Amino acid sequence: MQTRSDDLEILLTVVDSGGFSAAAEALDIQVARVSRAVSKVEKQLGVSILNRTTRRVELTDEGRQFVEAIRVGLLHIQQAEEELISRGELPKGRLRVDAASPFVFHQLVPLIKPFHEVYPDIKLELTSNEGFVDLLEKKTDVAIRIGKLTDSTLHARPLGKSLLFIVASPEYLSRRGFPQYSSDLSSHDIIGFAGAKVLNSWPLKGFKALEPTFTSSNGETVRELALAGNGIACLSGFMVKKDIEEGRLVPLLEPEKLSNTDREQINAVFYKSSSVAKRISAFIDFIQPKLSL
């Protein structure tokens, strides 16, 4: 092996942070140390990994392939060490979990304290991203994904299904009236999603996607817009069931609603080769029966 793992870690930080100064700040080391580490790796391998400009650094074609390979390699080394150390003990170490912010707010946050009481040595780190993240690039151990899975390189543990509900506030309905059929939606204000167009396809017979009156990339914002009487939205049950039970939102068009759509699937995903499996399994086994989907 030509290169040292600590130099490779520095190289990855430069790539992820976008520059030498940002990497030095993230790692709390001098910029000169960062520059020496990257230059050393390039000299040992005899190839340029980074193109340096006055504003930023970019990966060369060779560098891009190398960086993706060392991400996987360093992850395996770290996981092998942790697995060896933790044998025969309760799972411990850092566990990075990513999910869309509504799932974090409504499902994970209430479970964090009891999870910590059972597994005090697992240091849970929660991140929120509205889109799908690259687990390796974001150094994420497990992600909660809502909807159909397409990445075959990931292992999936089904967490269940969350029915979709078409909802509006009582205040909005008293002002604009109840839609009796899906065709009536064209005369109503619609709250939809920006970016992910598939989220604007509602589970209704013969439904044609409408141009939303208001949009947001964040599901929690869509929920708040509906609660504030801005229009009709289509949201997962794990977000709005309590609102429906307590009368803050009213379910609409139930007779026309279709079930078992791709959007209802919820899975925990992680890399098949992950030897962080003890922490991942502990987390998934703990939350699955407690989720209110």
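In this tour, a residue is called buried when its relative accessible area is under 20%, exposed when over 50%, and partly exposed in between (1.4 Å probe, protein chains only). Helices (H or I, at least four residues) and strands (E, at least two) are DSSP runs, numbered from the N terminus.

You are looking at a predicted model, where local features need pLDDT of at least 70, side-chain atom pairs count only at pLDDT 80 or more, and totals for chains, interfaces and linings use all residues. Residues are numbered from 1 along each chain as its sequence is written, and side-chain values use heavy atoms, with hydrogens and water left out.

**Stop 1: helix H1.** Select residues 5-17, the 13 residues of H1. Now colour its buried residues: Asp 7, Leu 8, Ile 10, Leu 11, Leu 12, Thr 13 and Val 14.

**Stop 2: strand S12.** Next, select residues 265-271; five of these seven residues are buried, so S12 is largely enclosed by the rest of the structure. Two strands count as paired if DSSP finds at least two bridges between them. Then show S6 (residues 154-161), antiparallel to S12 over seven bridges, with Arg 157 partnered by Ala 268.

**Stop 3: Ile 284.** Which residues are in contact with Ile 284, leaving aside its neighbours within four places in sequence? Taking contact as heavy atoms within 4.5 Å, select Val 142, Arg 157, Leu 159, Ala 268 and Phe 270.

Notes:
Expected span 1.5 Å × (residues − 1).
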